[in-house]
Amino acid sequence: MTQPPAGGPTGPTDLPPTQSAPPATGPGVPPYQAPAAPPRKRGALLATLALVVVLLLCAGGGVAAFFTLRDTEAGEGAADPSVAVDEFLTAVYQDRDAAKAASLVCTAARDQGKIRAKVAEVEKYVSTHQSPRFRWDTPKVDNETGDRATVTTTVTVTTADEKIADQNLRFTVVRKTGWWVCEVA
């Protein structure tokens, strides 16, 4: 038998060097599989961007709502400035109810601690004196300009042993959804 020339075809399965052999198939040889495509990250990126946009819109809406609603009053307020002052004095001196008094004060001046302290002061006065009674003149509107008014009154305390004390008060009252007490001097 003669040997084929070096570098030449050796048999029917030999092909010229420019062609590749088809993948072998048959028993014991797995079928040809193409390499897996790299995972697509576009969906995750779009979901992240959508989440960021939604969060920014929610945060922006929350900030806008805060600035829009921060000066609004909860409730209707009083019909006129003197009624606002009278209701406030009733809550503090007769009912001694800090929560009720706070609901009559504008949000800009609503300091729960100060209101509770004033009610506690009145309660202490009641406990240390003989049957004190609080009364006041009908509140008088001294000056009203647009949405602001100045109201004055005198609060009088009378005790069972006939002690009497007067305190002149001046209130600044503002109108928003009604009249609200904003300052007491």
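**The paired strands and the core**

Guide: Along the sequence, the elements of the protein chain come in the order α-α-α-α-β-β-β-β-β. That makes four helices and five strands, where helices (H or I, at least four residues) and strands (E, at least two) are DSSP runs numbered from the N terminus. The model is predicted: local features need pLDDT of at least 70, side-chain atom pairs count only at pLDDT 80 or more, and totals for chains, interfaces and linings use all residues. Residues are numbered from 1 along each chain as its sequence is written, and side-chain values use heavy atoms, with hydrogens and water left out.

The pLDDT, the predictor's confidence in each residue from 0 to 100, has a mean of 79 for the protein chain, and 75% of the residues reach 70 or more. Over residues 69-73 the pLDDT stays under 50. Where pLDDT is low, the predicted coordinates should not be read in detail.

Now the strands, which pair if DSSP finds at least two bridges between them. E3 and strand E4 (residues 164-175) run antiparallel and are joined by 11 bridges. In this pair, Thr150 is opposite Thr172 of E4. Five residues lie between the two strands of this hairpin, and Glu162 has a positive phi near 65°. On to the next pair: E4 is joined to strand E5 (residues 179-184) by five bridges, again antiparallel. The hairpin between E4 and E5 passes through three residues, and Phe171 stands opposite Val184 in E5.

Phe171 also belongs to the largest nonpolar core, which has 27 residues; Val85, Phe88, Leu89, Tyr93, Phe171 and Val173 have the most contacts inside it. A nonpolar core is a set of buried Ala, Val, Leu, Ile, Met, Phe, Trp, Tyr and Cys residues joined through side-chain atoms within 4.5 Å. Buried means under 20% relative accessible area, exposed over 50%, and partly exposed in between (1.4 Å probe, protein chains only). Two or more residues of this core come from each of helix H2 (81-94), helix H3 (98-102), helix H4 (112-128), strand E1 (133-136), E3, E4 and E5. H2 gives the most, seven residues.

Val85 touches Pro139, Val151, Phe171, Val173 and Val181, leaving aside residues up to four places away in sequence; a contact means heavy atoms within 4.5 Å. Across the protein chain of 185 residues, 23% are buried.
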